[in-house]
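Please have a look at the model below, and then at my notes on it.

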Amino acid sequence: MEKTMKLTLKVWRQEPGQNGKFQTYEAPGISEDMSFLEMLDVVNERLIEEGTPPIVFESDCREGICGTCNLMIDGQAHGPEKATATCQLHMRKYNDGDHITIEPWRAASFPIIRDLAVDRSALDAIQEAGGYITAPTGSASDANLTPVPKEAADSAMDAAACIGCGACVAACPNSAAQLFTSAKVMHMNLLPQGQAERWKRTENMVETMEEYFGSCTNHGECHEACPKEISLDFIALMNKDYVKSKIKNRKLSGQN
Amino acid sequence: MSGYSDVLDSKVPEGPIAEKWTNHKFNMKLVNPANKRKFEVIVVGTGLAGASAAATMGELGYKVKAFTFHDSPRRAHSIAAQGGINGAKNYQNDGDSVHRLFYDTVKGGDYRSREANVHRLAEVSVDIIDQAAAQGVPFAREYGGLLANRSFGGAQVSRTFYARGQTGQQLLLGAYSALMRQVNEGGVELYNRQEMLELVTKDGEACGIVCRDVITGEISSHTAHAVVLATGGYGNVYYLSTNAMMCNVTAAWRAHRKGAMFANPCYTQIHPTCIPSSDPFQSKLTLMSESLRNDGRIWVPDKFDEARSASDIPEAERDYYLERKYPAFGNLVPRDVASRNAKTVVDAGKGVGPLKNGVYLDFAEAIARDGEDTVRAKYGNLFDMYERITGENPYKQPMRIYPATHYTMGGLWVDYHLMTTVPGCYAIGEANFSDHGANRLGASALMQGLADGYFVLPYTIGDQLAGKLGSDPVPADDPVFKEAIADVNDRTNKWLAVKGTKSVDHYHRELGKLVWDYIGMERNKNGLEKAISEITSLEEEFEKNVRVLGSADTLNQSLEKVGRVSDFFGLAKLKARDALVREESAGGHFREEHQTEEGEAQRDDENFKHVTAWDWNGEGEAQTEHREELVFNEVPLTQRSYK
Ligand SMILES: Cc1cc2nc3c(=O)[nH]c(=O)nc-3n(C[C@H](O)[C@H](O)[C@H](O)COP(=O)(O)OP(=O)(O)OC[C@H]3O[C@@H](n4cnc5c(N)ncnc54)[C@H](O)[C@@H]3O)c2cc1C
Ligand code: SF4
Ligand code: FES
């Protein structure tokens, strides 16, 4: 009673230091209950049996939260299902006989390591530049001494939901990282705890982003691809804070 | 029994329980700020425990090197925790206190944890919440702006703090941001994509690690005055679990082989509400939050091999077995009780779903009572997730659930300082055995990982380091490092040379089946003995017939996995032995031979009120059993009952 299908996969294969190319693999007997990555597990198991090195792709949690999985499926970052990371995509979205093209994230700042695995450490560089609130262990006062309006906490949480997958960069025609950076910046800028370092943070993170990534020309593809549906509003808020960070006299910034 | 207990010194300080930690902090040796720079500390693992420890020690001035095999600390498995974190703040004024959290945790652990450690955990739980809030963790708030709480895992007070269904993610982002601040300021050097493959010791003391760069395959030595393992849990020894795919036991196991005793591997938490497996290639199981049991009713059909769909089965032909057997707690019995009962009905042939491997969790009554919108507001996310995975709509038909491996209470034995039996080697977070006894309560793992990392280890490590002032770390060209590198290279070459016929995953799956069948929710002597012999023969086949393609000098996922699975084999055998010698039932360890007349777990406090810790004796030799007797001065021992 279980539906199985036969698929044809066109997969990007690339050895370190060499040019890559597409390779075609048949994938018969795929159950509709499998996840997309389990389908690839099955293909890999067959490749190993044949003596072909398996396709390298990355994943860890397989429940849409760690941000490790990253496949470009038929030209869409994380595939066809909205608000869904690759690992949460299931094969019942596909039909018998389908052809599927699988590529790595493509962006100059995400160099390919091997096959479908890329290096996304540029995202960490942005975080390192200022994505924190200075609160050394032991220095904190009682948590309820700083009330946070529920709306502010909710909105900070909306931004903080970003899983750092980089789909926004992969989907962007300019390989810009505005959506990721704005999520990280605004998570902290929206909270009372984040105010003291707000201008410095924004300036440092935006400028580090610009060192690595392209410029945003408001296509909005990032939001379409984002598995957590991070809002474009955060980009607007970050841009505003960035402009202000340039004119703000920080000696007066205690007044807000 | 005294023959066992003298080796393990828990170093629990003297004095009344509520003052032990405070007094001990005063009594420990300190390293003065200028001298901290002279000490190098390695932290392996950058999940909640490792990131918080590395960041805090960096802030204090130690020279910290942090390692993870992930591409970024923010990917650690801690990110997946959903429900929340406990903290004895008593913000709700409902009678919570440090003492109550301590009491609940000792009792919840079925009286198999160390009172002094648990009390300290409860004490620092309040500081964790302050710390996280100050870092910008967007905890849920009430309209007035104060922190919101919920009750969790059967606790009678509301002490759980949460950030939507993503508490682990937000706490990890907090610890990660503190870590990145230290990386930026030079207090911590971060080594991503480095897998630790050996703990290096000299004259019995930890002096460094050997790692493999997973991208280039390069093997390197790293030296330090102390090594901290924060490498998480090993639930994936069951192959299928709620853990992330890469969780493994290698770091802890390598330390075990260098003399760190491994404690209580038989205690595993099996979570009752997970989505059942749907095909033989299932790669992991997804947890559905425990909170669903507040409104969902669990049942199976009365008839064996029922073919009708749920909606066609009349009320009179359904068995709401938890409500029937446990009228007082009903569907809210603790995790282990709910899990075992699901297994019983499924094994009896009453399972539901295409593979007959689940039980129903039915929301029809809640929807009829409160309306679909109310149910959606409470559980919408979870229902969507369920539908995405199964293709079934839980508003229209009951969910199907089944227990899955979730958390490992056992781990490296540590003393009150969180130091293993290898001097200079520490274990924190899920990797150690410390605070949860035989069973962990919901929302307590995040608490323990952060307690260890932010508030305990950064103090206790100083006591040991103070004695080493003026000594340099063992240099990387010392023969002990050369030997460790040679060992790693030999193993790699061995795996590549097997050139067998079956994939690593094949053997991992087969191992998982044995561990699940014999060392899963219910164990018995016969089964455990069988487990040991069957695991041993599977391991022999694995070593002769596994196929690892490709080479060592590049990203090679099969090569990474083969080492981990090999260590899982060793662990699985020890787990079976540990389960065999523990002739009682306690928490996550249920021995069929030891149950009450009603089929509940029967502890044996007279003979088993101890921690079992196993000492490595070399390849091919059985480990030696040691015991740490547990003392219960504060919490009286009672038998659990949920009738
Ligand atoms: C689905 C799910 C939900 C959960 N929900 C909750 C909850 O609501 N509340 C709660 O309290 N607990 C919960 N838990 C449990 C909790 O999340 C974990 O116990 C806890 O996060 C473990 O943290 P850790 O820092 O010890 O390890 P981890 O977060 O697993 O980190 C391990 C680290 O070690 C590194 N590592 C491992 N081995 C090596 C090696 N050999 N070399 C280099 N690096 C290595 C990894 O890269 C990683 O950085 C949940 C668990 C699961 C599976
Ligand atoms: S903004 Fe969205 S797409 Fe971009 S990294 Fe974050 S979660 Fe991924
Ligand atoms: S594997 Fe973690 S988000 Fe997909």
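This is a predicted model: local features need pLDDT of at least 70, side-chain atom pairs count only at pLDDT 80 or more; totals for chains, interfaces and linings use all residues.

1. Residues are numbered from 1 along each chain as its sequence is written, chains are lettered from A and ligands numbered from 1 in the order in which they are written, and side-chain values use heavy atoms, with hydrogens and water left out.

2. Over all chains, the structure holds 66 salt bridges (a side-chain nitrogen of Lys or Arg within 4 Å of a carboxyl oxygen of Asp or Glu). One of them joins A:Lys6 and A:Glu26, with the closest N and O atoms 3.2 Å apart. A:Lys6 lies in strand S1 (residues 4-13) of chain A and A:Glu26 in strand S2 (residues 21-31), so the pair ties together parts that are 20 residues apart in sequence. Helices (H or I, at least four residues) and strands (E, at least two) are DSSP runs, numbered from the N terminus.

3. In chain B, B:Glu195 and B:Arg564 form a salt bridge with their closest N and O atoms 3.0 Å apart. This pair ties together parts that are 369 residues apart in sequence, because B:Glu195 lies in strand S6 and B:Arg564 in helix H17 (residues 557-581). Both B:Glu195 and B:Arg564 are buried (under 20% relative accessible area; exposed is over 50%, partly exposed in between; 1.4 Å probe, protein chains only).

4. Please also look at the salt bridge between B:Glu306 and B:Arg308, at 2.9 Å from N to O. B:Glu306 is buried at 7% relative accessible area, whereas B:Arg308 is partly exposed at 30%.

5. Which residues are linked in a network of salt bridges? They are B:Asp110, B:Arg112, B:Arg582, B:Glu584, B:Arg603 and B:Asp605.

6. Most residues other than glycine have a negative phi. B:Arg193, not a glycine, has a positive phi of about 55°; this residue sits in the loop between strands S5 (188-191) and S6 (194-202) of chain B and is buried at 10%. B:Lys499 has a positive phi near 50°, lies in the loop between helices H14 (479-498) and H15 (504-519), and is exposed at 66%.

7. Finally, B:Ser339 belongs to helix H10 (residues 335-350) of chain B and is buried, at 1% relative accessible area. Leaving aside neighbours within four places in sequence, B:Ser339 is in contact (heavy atoms within 4.5 Å) with B:Ile270, B:His271, B:Pro272, B:Pro403 and B:Met521.
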